[in-house]
4 protein chains.
Amino acid sequence: MMVLSLFIIGHMGLFVYTQKGSITSIVVLPTTEIIEPYNKGAHPDLIEALIVSNEEGLSGYGSDRYTQSAIEKIRQATACPHAQVTFLAGGTQTNQVVIDALLQSYEGVIAAETGHIASHEAGAIEYSGHKVLTLPHHEGKLKAAEVKNYIETFFADANHEHMVFPGMVYISHPTEYGTLYTKEELTQLSTICHQYSIPLFLDGARLGYALAAETDLDLPTIAGLTDVFYIGGTKLGALIGEAVVFTKKNQPRNFVTIVKQHGALLAKGRVVGVQFDRFFTNNLYFDLGKKAIGMATQLKDILKEKGYRFFLESPTNQQFIVLENRQLERLAQAGLVYSFWEKFDQDHTVIRLATSWSTSQEDLDALRQLL
Amino acid sequence: MMVLSLFIIGHMGLFVYTQKGSITSIVVLPTTEIIEPYNKGAHPDLIEALIVSNEEGLSGYGSDRYTQSAIEKIRQATACPHAQVTFLAGGTQTNQVVIDALLQSYEGVIAAETGHIASHEAGAIEYSGHKVLTLPHHEGKLKAAEVKNYIETFFADANHEHMVFPGMVYISHPTEYGTLYTKEELTQLSTICHQYSIPLFLDGARLGYALAAETDLDLPTIAGLTDVFYIGGTKLGALIGEAVVFTKKNQPRNFVTIVKQHGALLAKGRVVGVQFDRFFTNNLYFDLGKKAIGMATQLKDILKEKGYRFFLESPTNQQFIVLENRQLERLAQAGLVYSFWEKFDQDHTVIRLATSWSTSQEDLDALRQLL
Amino acid sequence: MMVLSLFIIGHMGLFVYTQKGSITSIVVLPTTEIIEPYNKGAHPDLIEALIVSNEEGLSGYGSDRYTQSAIEKIRQATACPHAQVTFLAGGTQTNQVVIDALLQSYEGVIAAETGHIASHEAGAIEYSGHKVLTLPHHEGKLKAAEVKNYIETFFADANHEHMVFPGMVYISHPTEYGTLYTKEELTQLSTICHQYSIPLFLDGARLGYALAAETDLDLPTIAGLTDVFYIGGTKLGALIGEAVVFTKKNQPRNFVTIVKQHGALLAKGRVVGVQFDRFFTNNLYFDLGKKAIGMATQLKDILKEKGYRFFLESPTNQQFIVLENRQLERLAQAGLVYSFWEKFDQDHTVIRLATSWSTSQEDLDALRQLL
Amino acid sequence: MMVLSLFIIGHMGLFVYTQKGSITSIVVLPTTEIIEPYNKGAHPDLIEALIVSNEEGLSGYGSDRYTQSAIEKIRQATACPHAQVTFLAGGTQTNQVVIDALLQSYEGVIAAETGHIASHEAGAIEYSGHKVLTLPHHEGKLKAAEVKNYIETFFADANHEHMVFPGMVYISHPTEYGTLYTKEELTQLSTICHQYSIPLFLDGARLGYALAAETDLDLPTIAGLTDVFYIGGTKLGALIGEAVVFTKKNQPRNFVTIVKQHGALLAKGRVVGVQFDRFFTNNLYFDLGKKAIGMATQLKDILKEKGYRFFLESPTNQQFIVLENRQLERLAQAGLVYSFWEKFDQDHTVIRLATSWSTSQEDLDALRQLL
């Protein structure tokens, strides 16, 4: 039996189990937006690293040698020798800890209305006392000019002391629409942020997929232009783990205590340290991204070949297509279960298809037959 | 090279690396209070379970079949068929989520002054808005009569509307002093809590060691007498993971969202589910506890044989001894590095020695030679 | 010397002091959005009530006889004999306490994007841990159909457990644009809220001005259709004070303690109780509203007579007009200092003029001359 | 009819109404700890100042000329020309805002276990996310040596990153036991705080009574030795109002926004500004304190004369006496209704009697007869 992990489409997650080409069962999952890269455990190399180090006596809370080694390797990969690196468990937790740690109590964080923190984190940012100040998105991205205008308008407003101060800019890269910032765009955002002494935070939950796509933004450039970002592990093949990188010697004092206070300090920090140490050995992290992008290219070819219409041009692992509702019905009857990403118009629907570090050629072949 | 994990003594963590009986290096760790069971990764059986399930396509956020199986097994082991079970990553996180989820905003949680939430969680409970209402400890335990008196005095106080309402009773079992509640004591606490409609929460970070000790409190009894408790995984040999058990159909509505809001929802919930599924297969969880208690019995024998004086009688894996300061100095010169658990008097010091699921016979033999 | 309180225009507050028709000085205030009804102290009748009761020995925290009497009178005025009434100091505080007290931790409050809680309360709602879920405004109002659609879409979303639950609907009446809900509109909102067991909260900071305008919503109808609302005192002539009214026996348990915990419990509760007792004696509260509406009618006549263009039709004390930028310049040169409420288009600007309980005929006459 | 405000005894508030020497009625109040100075409205001079300024057009949020004048007068009275002064409504609110504004998220505030923030503020400090770190009290006071020891032990603890950092020292002056710090004691506390860069915060809810007692601590000395303190208005005869004074140019940035975010910004800031402007005109604030201390001296004389035993030596307006339980019963039968401050021993009870700015000679004469 084989799992077609690609059939996690739209807002609802769906796994189509097939055997020898025929569909045997379909499992409807409660959520899918972020599930797709989660359907396998960890990449075998990471599992192996955990096994190899398992019997070794190591100290806790991230003071072990693997964690230290991972930090060094990330410093090298980011060309940021003074980077301050901390490993946390998951994305929402990381966003909450970083944003709460950097903001003053009366400050909020600027984000696109489609930003993960604005929509799909159950109010984790507000729980820590901060408002998410949303701006319109442009295929998932913030426009630097609009951020600038927002900040300028805020400080020009005679009432601004009665309002939430913009204290940080949050972007995701790739965005929730699979799109990427260009070096030019990130530079503009960075310039505005520094002009107003507001940190720029890049949510890299899917960063590996961005780095492997056609882009002029590599890790050192991202480290240079942001104040803090994180390198997503969970969506790139780790069991758990995200690496927070403060790039400007700006890690808040007593950050360990802040992490602990948020319930986010892992006793066996080694679990994440060992995986990131392996991620940044022999380019594994980058290779996994490349594999998924390669699969996404194939996926795009299949979709083009079959005449599907793209909702937007995404250079990463997430692809969005527009289907006629009747076409969607037919596909559903043929075995494709679907759900809405969003309505396109009266007669059309946008759905999402995504590849990941674990997508196989078999997955794609099966999909080709079905479409 | 061998790690003498036992030499994590007192408040400061110390690992003494030895080779063929001679000490090769000593690593001072920043903290030790809870480190000791963390110095190895995971029990091999848990690692194996992760490997076996790794390639299997599973849905996220704890909706996978291993997690469901683990829940069923915990329902059986607790003889609580309607138990509501959720898996979280670590102890402080679990305490924060459970306490915040159950308390009204104006309520606090009663705990012994030595309780983990009162002292070693960096204010995680206060971060969620709640006061920890401390009572004196008796070898780490709360006295039911004192809890009763506190609650009665509170409600009798004409000013009580200006004070923090007691909204929960928190106990740890084993306590931070390695001691255990008796069935009689837990029944008394349970009776008081139910009389005042206040949930009783048992922190079982080290629960496996309690269940394996000489005790009249088994899992079903604990489930029956408490409203919520958790079964500690991290200290018993898991990579990460604690199992929260609501025993009275009293899990707060939309608990998943509460967990997510605290940044505690694991994308790959399978990581913990798989481990607990294995923990509760063929009694592994109980066996690991038994092994540590067996080692602790040997440790006690060694200590008695060598004439050491016990600070208190602990039936579990943590042992506390009182040393003359000069004796401690001599041991230090002989290779034993130490730090204070607490001062006993002018001339004496209390230190802690602990066994765990990973303590080996070699560890104990090496210790015997050194003492 | 006379104060032209009307010249508080746009976002920036401005007081033009005149003497015998000529402007003597202009004071620029840091903020004006809500200042206008604050430029005088209290209505003389309220001051008198404070003087008369001043020497009387009374108990604290709202347990005095004036507060009790005020509660009884509000119960009568709202035709809600079981209403639970609490007096607080100001509007932002009231919104924070009520919303935090009624919401579950994982719930947010739906509001128009122009709602006071969404824009001008410095993140007081987020400080208490809750997200403000904004919907588009229609001249300051929420549309029932859009609220219904938001809630239905939320629960239909397979991802909704990862999102902030809508736990309350907040409206202001009059709105920030001076507009009013009709009985039909409020009934629709009420129906949706009850259908989803979500409380409907009406912010009545300016309620007196709504009740005195042409409207089919009187106090008993508002009490019947909402779950909680407040009767604004500060903007209607009190020194401080707002009356929170829970209409469905739905005041949260231990509400006094919740109020205290928010730092909002007044030691000398009498200060507000005495004023509201007087507000609801011989219809003072309603008469003050009527006076302001009468003045607003005159203001509208002056503006129409002078040919000004209205931005929207407001039946209450706040009036919004659209000026050509050059016209605004001329008025500025003639002594009218201005600031933007909002840009209308390239060549036009919206400004706000407001009357209040303390506006005098002289104020209006002076304004007529200046325009 | 006359109110014997003195008969607010112990934890429960009691007003004994008498007419021509005979008791006509007894009103039991829900709370009394802090009620006593609240039973009258405001001092007539403050009322008069409110009346005189009432018709004057003034800007809001504390930008009015009375507030500015009050700030100047407080700068003079404290001999602190750069003092930053903000007026808030009440004591709990003030403690919450100041402590939350100055602490880092991971810091707590050291206080005596009897400190108001530790016991009678309904968890307002914890609501803002911070732990109150309690130390034993010595007649209500903190001992500098114990504070020093606490801080040193904290930083020496290898686990301290897992604990709440001490980020501030809070004292009340007078304390909850009516006692006063000496200049020597305050200097010691100040020295320790500055040594560890931790602000020293003095809660002056009853400060006027301290300044009028026999003491070597005047306002300038207090301003010099603390980092922030507040001058209590409500307990000294204001309707509402406390003056927060930052003495070291250390008011947090955007403090107005922080105040607003806590729901504590008064629209008509003039209400408090006018009263404090009057408080600090012709020494009114000091005179009211002196009057109460004069009455307290008489009260002590009466108590001594009648042979009552003092629980402790209090130099301020609060007096604590120890009564035999049988004696208390007799007094109760004679009309004195009582409640416990605390148990002294099996046979004795401590009760509190307090004078205030509004205590009259008649009150004392009536009391003398009754005792």
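Analyst: One cut-off first: a residue is called buried when its relative accessible area is under 20%, and exposed when that value is over 50%. Please keep in mind that this is a predicted model. By that cut-off Lys300(D), at 13% relative accessibility, counts as buried.

User: Which residue does Lys300(D) form a salt bridge with?

Analyst: The partner is Glu313(D), with 3.2 Å from N to O. Lys300(D) sits in helix α12 (residues 284-305) and Glu313(D) in the loop between β11 (309-310) and β12 (318-324), so the pair, 13 residues apart, links distant parts of chain D. Glu313(D) itself is exposed, because its relative accessible area is 54%.

User: And how many salt bridges are there over all chains?

Analyst: The search of the whole structure gives 36. Among them is the one between Lys73(B) and Asp277(B), whose closest N and O atoms are 2.8 Å apart. Lys73(B) belongs to helix α2 (residues 65-77) and Asp277(B) to helix α11 (residues 270-279) of chain B, so this pair ties together parts that are 204 residues apart in sequence. Lys73(B) is partly exposed at 23% relative accessibility, while Asp277(B) is buried at 11%.

User: Switching topic, what rotation superposes chain A on chain B?

Analyst: A rotation of 180° with 0.0 Å of shift along its axis does so, with an RMSD of 0.0 Å. The two copies are therefore related as by a two-fold rotation axis.

User: Why do you say those copies meet through the same surface?

Analyst: Because 100% of the interface residues of chain A are also interface residues in chain B.

Definitions and conventions
Residues are numbered from 1 along each chain as its sequence is written. Chains are lettered from A and ligands numbered from 1 in the order in which they are written. This is a predicted model: local features need pLDDT of at least 70, side-chain atom pairs count only at pLDDT 80 or more; totals for chains, interfaces and linings use all residues. Side-chain values use heavy atoms; hydrogens and water are left out. Copies are superposed by least squares on the C-alpha atoms of residues with pLDDT of at least 70 in both. Contact means heavy atoms within 4.5 Å. A salt bridge is a side-chain nitrogen of Lys or Arg within 4 Å of a carboxyl oxygen of Asp or Glu. Helices (H or I, at least four residues) and strands (E, at least two) are DSSP runs, numbered from the N terminus. Buried means under 20% relative accessible area, exposed over 50%, partly exposed in between (1.4 Å probe, protein chains only).
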